[in-house]
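Let's take a walk through this structure together. Keep the sequence and the 3D view side by side as you read.

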Amino acid sequence: MANFNIDAKKDMTYDAIVIGSGISGGWAAKELCESGLKTLVLERGRLVEHVIDYPTMNNDPWDTELRGAAAAEELKERQINARTGFVGENNIHFFAKDDENPYKEVKPFMWVRANQMGGRSLLWGKQCYRWSDLDFEANAKDGHGVDWPIRYNDIKDWYTYVEKFAGISGEAIGLPQLPDSHFLPPMELNCVEKDVKKRIEKEFPGRNMIIGRVAHLTEPLNGRGQCQSRNRCDRGCPYGAYFSSNAVTLPAANATGNLTIRPFSLADSIIYDEEKGKAVGVRVIDSETKEVLEYYAKIVFCNASTIGTTQLLLNSTSNRFENGLGNDSGELGHNLMDHTYRVGAMGKFEGHEDGYYKGRRPNGIYIPRYRNIDEKSTTDKFLRGYGYQGGAGRANWGAGANQEAFGGEFKDALMKPGDWEFFITGFAECLPYHENQVSLDKDKLDKWGRPTLVIDAEFKENELAINKQIQIDAVEMLEKAGLKDIVGFDNEHGMGYGIHEMGTARMGKDPKTSVLNATNQVHAVKNVFVTDGACMTSSSCVNPSLTYMALTARAANHAVSELKKKNL
Amino acid sequence: MQRREALKQTALFGVATALFPSLLQSCKETSRLNWQPQFLSVKHAELVSSLVDTLLPKTETPGALEMKVDMFIDLVYGKLNGEAGQETMDKGMDDFDARCKEKFGDRFADLSPENKAEFLKMEEANSPKFNGSIWGTAAGKQEPVGFYRNLKSTALWGYFSSEEIGLKVLTYDPVPGPYQGCIPLAEVGNTYSL
């Protein structure tokens, strides 16, 4: 597809450089290219072309020796990613090897990485929710962290803009705490979910259960096909039905003729020119040859993922910025956040034994936040709030393992669907704590000679108090919804499991306490933009990717307009 | 590295024994196996074969042995479990047969069908169970379930994910199209294989 910059020396100067090609990098590339800027996308991993590089997309279980499981030998190189429980033979090639970016965990922190063109946009959960002013005002109201420099109105139209192009399916219900998106038709709830929804909404006024809002096409859009309910998304989608950089934004960027992608390009540091007082380019290590190269541009977009971007900024030192580019506030690397996860309840549903469904819907249900949203719902047990994801389905043959039976009849009975089961699991907001941080260890270098990262972060009292409530509410909702054999659970274990890492180069009004301004520019180096999760000032309790898309599109268009005005 | 070497040696061993089947004869009598384990000892492979046959025998639908579930478990043991898992399973299999001998005077593979069934009933009653799981993670703290429950679970996996069962017995629907949330079970019949 794109121009690939293989001959590094041929062309070292572009209008714009985008570091990273995941969800936010893809959007930056698209917007900048469409505005006419010659744009170089630096990708630390290999090229992954849409469809062509999805070798496992049609595998059935019996097509691989271990029926989709990954061999212990293969997982050895990916012990950190393997902790997710999501890594198997059919998607292992999209997960990074540990030695590509080693880090020290002062406290347990699972950092999931996908180092290839498209990054984690090939693996993400696709849940897309707008933030509201409940989120943007939270820091200002309770005093944790600094105030966001923007409000919902600043980003509202940009949400619509990215939603129209990405394709978000869902149902509009008009909740102030969870603004509706521009929606494609919603996916359907199944029989049991419809019943549970009715009961929860009746028993708990103010709580809603809706179909998940997701970046899956429920009707064709811009030449992409609609979701076929195969639920093999993490191998790459042959229809381009879910949003990924590979299927959506990078092809659009490429269609302009302005895009160049350079793979195997580790961004080592941003080059700061002391006289000009701005960034002039990016120093790159070719990860295969270890050759060091310099690329130049008028603007630089950092989209290397929350922690990756901050690692790059910390490593970009100069006389002016001894502690990392744009780190006048000392906040660079601090306020790392994630969502809590894996706390909830499950149970069995009696009824609908003659009902079933068709398709493996890559989506579930969502229960939007209902605590601390107004005076009536305010609790003194914790600040902020949480929402739930979940869903219902019928058990399959796997349920046989626990049945006290064996033999021919047992085997043949397992051919039929088993009990209906329903579960919900909470996602809670995490406060921005200064002491939750990433830093560089200059004594321990990676295989390219770059300082490695130290991650020192943990959930604290407020998050644990929310988790407690998540489980209590989950059990209560399932009880009132008539489920049986209810089991509450709390499987929280350290940060990173939500794979929603945010913060470490936060936006803010004051350069003394934040790294980025209201349009994602580094306060002191206005031609460097950070629009991935690193920019987040608080974490909300909803999935963040849609907000990265909107912030990126907004910042990229601001960058173009500032360039035209010769302000950068 | 050591592990790679071990695998290589096992593979060589496999070739050699294929050429000289008599080497495979176990200490007791002629081997019950009609396949060469790549990773399990012959004694353990015989236990696995007889166990999966008792758990999932042939009826109107194929049995576990026809679907080569024992050979699949050999692969799981060798390639999926890792070294620690292999040690646990070795010990589990030895303990299992020791209990069999204590109760019926013989290892499991050599018991009568009635004694095999009686022994498995005891195992069922005494084995801990799996927690429910969500998105591949056990809900709550999962206590070890022991060799029997683990093996049963792996046998079910091997059987129901095999090609013949997946394509011909269960409902195979690789490209379902738009999700339909509520349809009569009668329209589908057996559970989906994917």
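The paragraphs below go from the model as a whole to its annotated domains, a sheet, and a few single residues.

This is a predicted model, in which local features need pLDDT of at least 70 and side-chain atom pairs count only at pLDDT 80 or more, while totals for chains, interfaces and linings use all residues. Residues are numbered from 1 along each chain as its sequence is written, chains are lettered from A and ligands numbered from 1 in the order in which they are written, and side-chain values use heavy atoms, with hydrogens and water left out.

Let's begin with confidence. For the complex, the predictor reports an ipTM of 0.93 and a pTM of 0.93. Chain B has a mean pLDDT of 87, with 84% of its residues at 70 or more; pLDDT is the predictor's confidence in each residue, from 0 to 100. One stretch of chain B to treat with care is residues 1-29, where pLDDT stays under 50. For that stretch the model has 21 contacts beyond four places in sequence, a contact being heavy atoms within 4.5 Å.

Now turn to chain A and its annotations. UniProt, in an unreviewed entry, lists residues 73-340 of chain A as "domain: Glucose-methanol-choline oxidoreductase N-terminal". Over residues 73-340 the chain is 24% helix and 15% strand, with its end C-alpha atoms 31 Å apart. Over residues 432-551 the figures are 22% helix and 25% strand, and the end C-alpha atoms are 19 Å apart. Helices (H or I, at least four residues) and strands (E, at least two) are DSSP runs, numbered from the N terminus.

Next, find the open sheet of three strands in chain A, with the order β9-β10-β11 and antiparallel pairing. Its edge strands are β9 (265-273) and β11 (292-296), each pairing on one side only. From one strand to the next the twist averages 30°, where axes are lines fitted to C-alpha atoms, for helices over the stretch in contact, and angles run from 0 to 180 degrees between N-to-C directions. Two strands pair if DSSP finds at least two bridges between them. β9(A) and strand β10 (residues 278-286) are joined by eight bridges, and A:Leu266 has A:Ile285 in β10(A) as its bridge partner. Five bridges link β10(A) to β11(A), with A:Val284 partnered by A:Leu293 in β11(A). In the hairpin of these two strands, which has five residues between them, A:Lys290 takes a positive phi near 65°.

Which residues of β11(A) lie on its covered face? They are A:Leu293 and A:Tyr295, while A:Val292, A:Glu294 and A:Tyr296 make up the uncovered face. In a regular strand the side chains alternate between the two faces of the sheet.

A:Phe264, in the loop between β8 (259-262) and β9 of chain A, has a positive phi near 50°. Most residues other than glycine have a negative phi. A:Phe264 is partly exposed because its relative accessible area is 26%; buried means under 20%, exposed over 50%, and partly exposed in between (1.4 Å probe, protein chains only). A:Asn222 also has a positive phi, of about 50°, and counts as exposed because its relative accessibility is 55%.

Now look at two buried residues of chain A. A:Arg506 sits in the loop between β20 (484-490) and β21 (521-522), and counts as buried because its relative accessibility is 6%. Its contacts beyond four places in sequence include A:Glu331, A:Asn335 and A:Met536. A:Thr547, in helix α12 (residues 545-564), is buried with a relative accessible area of 0%. Among the residues that A:Thr547 touches are A:Tyr129, A:Trp131 and A:Met536.

Finally, visit a point where the two chains meet. B:Thr137, in strand β2 (residues 137-138) of chain B, touches A:Arg342, A:Asn491 and B:Gly132, not counting residues up to four places away in sequence. The side chains of B:Thr137 and A:Arg342 make a polar contact at 3.3 Å, that is, a pair of N or O atoms within 3.5 Å; within protein, one must be able to donate a hydrogen and the other to accept it, and residues adjacent in sequence count only if both atoms are side-chain atoms. B:Thr137 counts as buried because its relative accessibility is 18%.

Notes. UniProt positions renumbered as here; feature names shortened; annotations may be inferred.
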